[in-house]
Amino acid sequence: MTETIYFDTSALAKWYLNEEKSQDVEQYIQDHGPVAISDLTVIEMRCLLARRRREGSIDLKMESRIFATFQEDIRQNFLVCHPFPEGLTAAAVNLISVHLELPLRTLDALHLVIAREMQADKLATADRVMIVATKAMGLSVVRFDSR
C-alpha cells in the first residue's frame, strides 16, 4: 500500500524555483512520488509565479516555462491533483474554530482540510505554522523549512 503525501505550495514551489531545500524536495519527490496536490495548489502556484515575476526574480519567459512544466508534471502524474472536496469552506471554518491556539490563515486551513479529506498519510511543507498545525491534527509532517 502506497502512502499519500500531500505537498502544500510552500514545499512544492521549491521543486520549481531554486530556493533553500530545493535539492531536498527534488530528492524526496524522486524517492516517494507521485505526490498529492490540490486545485488550491495550482491556484497558489500560478499566483506565486506571477508575484515572483512582478518582484523581478523571474522574467515572463521563465514564469511561463515553470508553469508549463508544472502543468506537464500534473498531466504525467508526477503530481496527483485532487479537486476541492465538498464542504471545504465549512470544514476549514470548523478547523480554525477547533484549533483556536493555532494562528491558522485561510489557505493553511484549506490545505489542512484537503489533506485530511484525501486521507493523506503525510503533509509536506516549508511553513512553520503548517508544521505545528499538521502535528496538532495528528498527521505526520515532512519538513522543508530551514529549522
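Predicted model: local features only at pLDDT ≥ 70, side-chain atom pairs only at ≥ 80, totals over all residues.

Colleague: What makes the pair of Glu63 and Arg53 a salt bridge?

Modeller: The N to O distance between the two side chains is 2.2 Å, and since the definition asks for a side-chain nitrogen of Lys or Arg within 4 Å of a carboxyl oxygen of Asp or Glu, the pair qualifies as a salt bridge. This pair links distant parts of the chain, with Glu63 in helix H4 (residues 60-75) and Arg53 in helix H3 (residues 39-55), ten residues apart.

Colleague: Which labels do Glu63 and Arg53 receive for accessibility, and why?

Modeller: Glu63 stands at 1% relative accessibility and therefore counts as buried, the limit being under 20%. Arg53 stands at 31% and therefore counts as partly exposed, because that label covers what lies between the buried limit and the exposed one of over 50%.

Colleague: What makes Lys14 and Glu19 a salt bridge, and which residues are linked with them in a network?

Modeller: The closest N and O atoms of Glu19 and Lys14 are 3.3 Å apart, so the pair meets the criterion of within 4 Å. Lys14, Glu19 and Arg52 are linked in a network of salt bridges. Lys14 has a relative accessible area of 11% and is therefore buried. A search of the whole structure finds 13 salt bridges.

Colleague: Why are H3 and H4 called roughly antiparallel?

Modeller: The axes of H3 and H4 cross at roughly 165 degrees and come within 9 Å; because angles over 145 degrees count as roughly antiparallel, H3 and H4 are given that description. Their crossing is right-handed.

Colleague: Why are H1 and H3 described as oblique?

Modeller: H1 and H3 pack at an angle of about 55 degrees, with their axes 10 Å apart. Roughly parallel requires an angle under 35 degrees and roughly perpendicular one of 65 to 115, so H1 and H3 are oblique to each other. The crossing of H1 and H3 is right-handed. In this contact Thr9, Leu12, Ala13 and Tyr16 of H1 meet Thr41, Glu44, Met45 and Leu48 of H3, and the residues of the contact of H1 with H3 divide into five nonpolar, two polar and one charged.

Colleague: What makes the backbone of Lys21 and Asn77 worth a remark?

Modeller: Lys21 has a positive phi of about 80 degrees although it is not a glycine, and Asn77 likewise is not a glycine but has a positive phi of about 65 degrees. Lys21 is found in the loop between helix H1 (9-16) and H2, and Asn77 in the loop between H4 and strand E3 (79-82). Lys21 is at 28% relative accessibility and therefore counts as partly exposed, and Asn77, at 47%, also counts as partly exposed.

Colleague: How do you know which form the peptide bond from Gly33 to Pro34 takes, cis or trans?

Modeller: Its omega is near 0 degrees, and the bond is cis. Pro34 is placed in the loop between helix H2 (22-32) and E2.

Terms used: Residues numbered from 1 in each chain as written. Heavy atoms only, no water. Buried < 20%, exposed > 50% of the residue type's maximum accessible area, 1.4 Å probe, protein only. Helix = DSSP H or I, 4+ residues; strand = E, 2+ residues; numbered from the N terminus. Axes fitted to C-alpha atoms, helices over the stretch in contact; angles between N-to-C directions. Left-handed = near helix turned anticlockwise from the far one by under 90°. Contact = heavy atoms within 4.5 Å. Nonpolar A, V, L, I, M, F, W, Y, C, P; charged D, E, K, R; others polar.
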